[in-house]
Amino acid sequence: MNLIDIKGVTHAYRTPSGPLPVLDNLEIGVPEGTFAAVVGPSGCGKSTLTRLIAGLMTPDRGEVWLHGERVRSPRKTVGMAFQNPVLLEWRTILDNVLLPLEIVAPRMPRAQRVTRAEELLALVGLSGFEGKKPSELSGGMRQRASLCRAIVHKPEVLIMDEPFGALDNFTREDLWQTMRDLRAKEPFTCVLITHDLRESVFLGDQVIVLSGRPARTQRVLRVDLPADRTIDVLYTPAAVEMLHTLRDEIRIAQGRAGGAH
Ligand SMILES: Nc1ncnc2c1ncn2[C@@H]1O[C@H](COP(=O)(O)OP(=O)(O)OP(=O)(O)O)[C@@H](O)[C@H]1O
């Protein structure tokens, strides 16, 4: 069963110079417990898609369904992580991670909330940093803390918009492996927006390629790689072939098919 269903979604923004069509009859299905990576040319409408799933806006046409319910307003059951972790500087790392629980589960005893947050911080390798302020941590560590904050309340869906975009390559690969470990311990359904094709193949169960604006579903690629994949998997013939296919699809989406490689 699909946890997320995007059916025939079409949307245009109203701008001073007239309507700007961004999504065109978009079709996406994400089965429960799986990871969908969304790639596409810059400005094609990927962030708009995340706002629709979170219920922060409704489309002109078409339907967004989450767990069998039509999405028409903001959902508490969606966790979000962005490129800039936006942790609150006046709160410790632990208190930042606790924030969603204070909002979503105010009656849960504090000790129980703290245990939950500490377990997650340990899972991502941040044991011992609970009492630090965000500015005392590296960019990669802050993003780890922000991931914990995004899933501490066990959201139905985790939406990540370019979460690792600002990190250097090695830190990014570390974070991919952290995501893999988190998923193994805490299954969740995830939509990941990324510009990094290797990231989409490493993390995705499917990679959805959007066309240039207005975005259509141009191609859906199933990623049949082992769930306990390591970075080495990206150098296997199967993964290399997928990366070539995706590269070609992006060229088509950019309107550059047949152009220089
Ligand atoms: N609230 C808005 N009002 C008007 N236009 C908007 C609004 N939000 C986004 N747009 C425009 O809609 C288009 C799609 O934006 P969106 O942020 O969804 O694209 P994106 O694929 O996430 O971009 P990028 O890859 O650069 O992050 C862009 O041209 C953007 O300028």
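Visitor: Why is Thr236 called exposed?
Guide: This is a predicted model, so the answer comes from computed positions. Thr236 has 12 other C-beta atoms within 10 Å. A residue with 12 or fewer is exposed. Thr236 therefore counts as exposed.

Visitor: Where is Thr236 found?
Guide: Thr236 sits in the loop between strand 10 and helix 7. Its C-alpha atom is separated by 28 Å from that of Ile159. Along the chain, Thr236 and Ile159 are 77 residues apart.

Visitor: How do you know that the span of helix 7 agrees with its number of residues?
Guide: Helix 7 covers residues 237-253, which is 17 residues. At 1.5 Å a residue, they should span 24 Å. The end C-alpha atoms of helix 7 are 24 Å apart, so the two values agree.

Visitor: Which residues of helix 7 are buried?
Guide: They are Met242, Leu246, Glu249, Ile250 and Ala253. Buried here takes 20 or more other C-beta atoms within 10 Å.

Visitor: How do you know that the buried residues line one face of helix 7?
Guide: Look down the axis of helix 7. The buried residues fall within an arc of 100°, so they line one face.

Visitor: What does the face turned away from the buried side of helix 7 carry?
Guide: That face carries the exposed residues Pro237, Val240, Glu241, His244 and Arg247.

Visitor: What covers the buried residues of helix 7?
Guide: The cover includes strand 3 (35-39) and helix 6 (197-203). Strand 9 (206-210) and strand 10 (217-222) are also part of it.

Visitor: What follows helix 7?
Guide: Gly255 does, and its phi is positive, near 75°.

Visitor: What makes strand 8 mostly covered?
Guide: Strand 8 spans residues 189-193, and five of its five residues are buried. Thr189, Val191 and Ile193 point one way. Cys190 and Leu192 point the other way. In a regular strand, side chains alternate between the two faces of the sheet.

Visitor: Which strands pair with strand 8 in the parallel sense?
Guide: Strand 3 is joined to strand 8 by four bridges, running parallel. Strand 7 pairs with strand 8 over five bridges, also parallel. At least two bridges are needed for a pair, so both qualify. Val191 stands opposite Ala36, and Val191 also stands opposite Ile159.

Visitor: How many bridges join strand 1 to strand 2?
Guide: Ten bridges join strand 1 (residues 2-15) to strand 2, and the two run antiparallel. Ala12 stands opposite Pro21 in strand 2.

Visitor: Which domains does the domain assignment give?
Guide: It gives domain 1 (2-75 + 156-253) and domain 2 (87-155). Their centres, taken over C-alpha atoms, are separated by 25 Å.

Visitor: How many residues of domain 1 are in contact with domain 2?
Guide: There are 16, and they contact ten residues of domain 2. Strand 7 (157-161) and helix 5 (169-185) each supply at least two residues of that side of domain 1. Helix 5 gives the largest share, seven residues.

Visitor: Where does UniProt place the feature "domain: ABC transporter"?
Guide: The unreviewed UniProt entry places this feature at residues 4-237. Over residues 4-237, the chain is 31% helix and 28% strand. The end C-alpha atoms are 31 Å apart.

Conventions. Residues are numbered from 1 along each chain as its sequence is written. This is a predicted model: local features need pLDDT of at least 70, side-chain atom pairs count only at pLDDT 80 or more; totals for chains, interfaces and linings use all residues. The expected span of a helix is 1.5 Å times one less than its number of residues. The arc is that of the directions from the helix axis to the C-beta atoms. Two residues are in contact if their C-beta atoms, placed from the backbone, lie within 7 Å. UniProt positions are given in the numbering used here, feature names are shortened, and annotations may be inferred rather than shown by experiment. Domain bounds come from an automatic or database domain assignment.
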